[in-house]
Amino acid sequence: MGGDLCSRAMALVVGAGLVLVLALVSVHAELQRFEQPVKPDGSLSFLVVGDWGRRGDFNQSQVALQMGRIGEELDIDFVVSTGDNFYDNGLTGELDPAFEESFTNIYTAKSLQKQWYSVLGNHDYRGDVEAQLSPVLRRIDTRWLCLRSFIVNAELVEIFFLDTTPFVLSYFTDSEGHTYDWRGIKTRRTYIANLLKDVESALKASTAQWKIVVGHHAIRSISHHGDTKELIKHLLPILRANTVNFYMNGHDHCLEHIRDSESPIQFLTSGAGSKAWRGDIKQTNRGNVSFFYDGQGFMSVRLTRSNAEIVFYDVFGEALYTWNVSKQLHSAI
Ligand SMILES: [Zn+2]
């Protein structure tokens, strides 16, 4: 009898433990989601800029000025930052004045006083990486929202923001004298496996008209850094299998549009928010490149249920390249 009671008690304990484990698993499997309303006509517009925080230098202020002008024209709903938010080495802490000097005091236009959704870049990992994720920054400037990986749901589109820096093996094995703040990344392998699992299940569950994935590192690029082989190997197959429309990134300081050879995915680089790399172009691997510009600038995206329009602008706010796609036809116009 006593033994029976004891085993029942054990079963309860094991059961409670199991519930706890399941609860932890289910919490882990959910990327944090944010709801973004669309315009009354059902459309959505936003700007995409990357690799920018230099206290206004290297034409950051000029790009910001033109973002403000185009942002007003398009009546944008939010801004996406593709990472490398603060140069050279991220933020030193939550109260680093660089946050206001490179963000708040630079993007001052009325049209840019919207939500900014930001991912981290490799330079952000060279400082206090957790500072950029802190709610303290959101209190200093309510536009700021940066998390490692998260989802923005805007009815006609779901945008999956991914932290791609831990994918890149060389940052762990050959850091070239830089110190990376890997707090929060227990092991690279587990981190990548868990993130891929979360992204895959969220993409599968998505019923949005458009699916966009944003990360700092390019999957495909013909500029300085080029393709990111770890993303081609681990992430691209998941994006292809789940009909992702656009992959947007920074890291290479240029503007570019490259088509995927095996799926309708379009690779869009917008990493020209300040310092650009004029003339730094790979002579190989140029297949499927629709547009490349090695100066400063940014990108705009306008979505309706049936159409997407992508425009790249230079530092003078001149539209350099416009690309439209229709959802029904799923081919470039
Ligand atoms: Zn970078």
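**Entry 1: what covers α7**

I looked up what lies over the buried residues of helix α7, and the cover includes β7 (157-161), β8 (210-214) and α9 (236-241). This is a predicted model: I take local features only at pLDDT of at least 70 and side-chain atom pairs only at pLDDT 80 or more, while totals for chains, interfaces and linings use all residues. Residues are numbered from 1 along each chain as its sequence is written. Helices (H or I, at least four residues) and strands (E, at least two) are DSSP runs, numbered from the N terminus. I call a residue buried if 20 or more other C-beta atoms lie within 10 Å of its own, exposed if 12 or fewer, and partly exposed in between, with C-beta atoms placed from the backbone. Contact means that two such C-beta atoms lie within 7 Å.

Which residues of α7 are buried? I found Leu 195, Val 199 and Leu 203. They cover an arc of only 60° around the axis, so they sit on the same side of α7. The arc is taken from the directions from the helix axis to the C-beta atoms. The face turned away from that buried side carries the exposed residues Arg 189, Thr 190, Ala 193, Lys 204 and Ala 205.

I also checked the length. Helix α7 has 18 residues (188-205) and should span 26 Å at 1.5 Å a residue; its end C-alpha atoms are 26 Å apart, which agrees. The expected span is 1.5 Å times one less than the number of residues.

**Entry 2: the listed binding site**

I turned to UniProt, where an unreviewed entry lists Asp 51, Asp 84, Tyr 87 and His 253 under "binding site". These four are spread over 203 residues of sequence, yet they cluster in space, with a largest C-alpha distance of 13.0 Å. UniProt positions are in the numbering used here, feature names are shortened, and annotations may be inferred rather than shown by experiment.

Asp 51 lies in the loop between β2 (44-49) and α2 (60-74). Is Asp 51 buried or exposed? Asp 51 counts as buried because it has 31 C-beta neighbours inside 10 Å. Beyond four places in sequence, its contacts include Asp 84, Gly 121 and His 253.

His 253 is in the loop between β9 (246-249) and β10 (255-259). His 253 has 26 C-beta neighbours inside 10 Å, so it is buried. Leaving aside neighbours within four places, His 253 contacts Asp 51, Gly 271, Ala 272, Lys 275, Ala 276 and Trp 277.

**Entry 3: the whole protein**

I noted nine helices and 15 strands. Buried residues make up 40% of the 333 residues.
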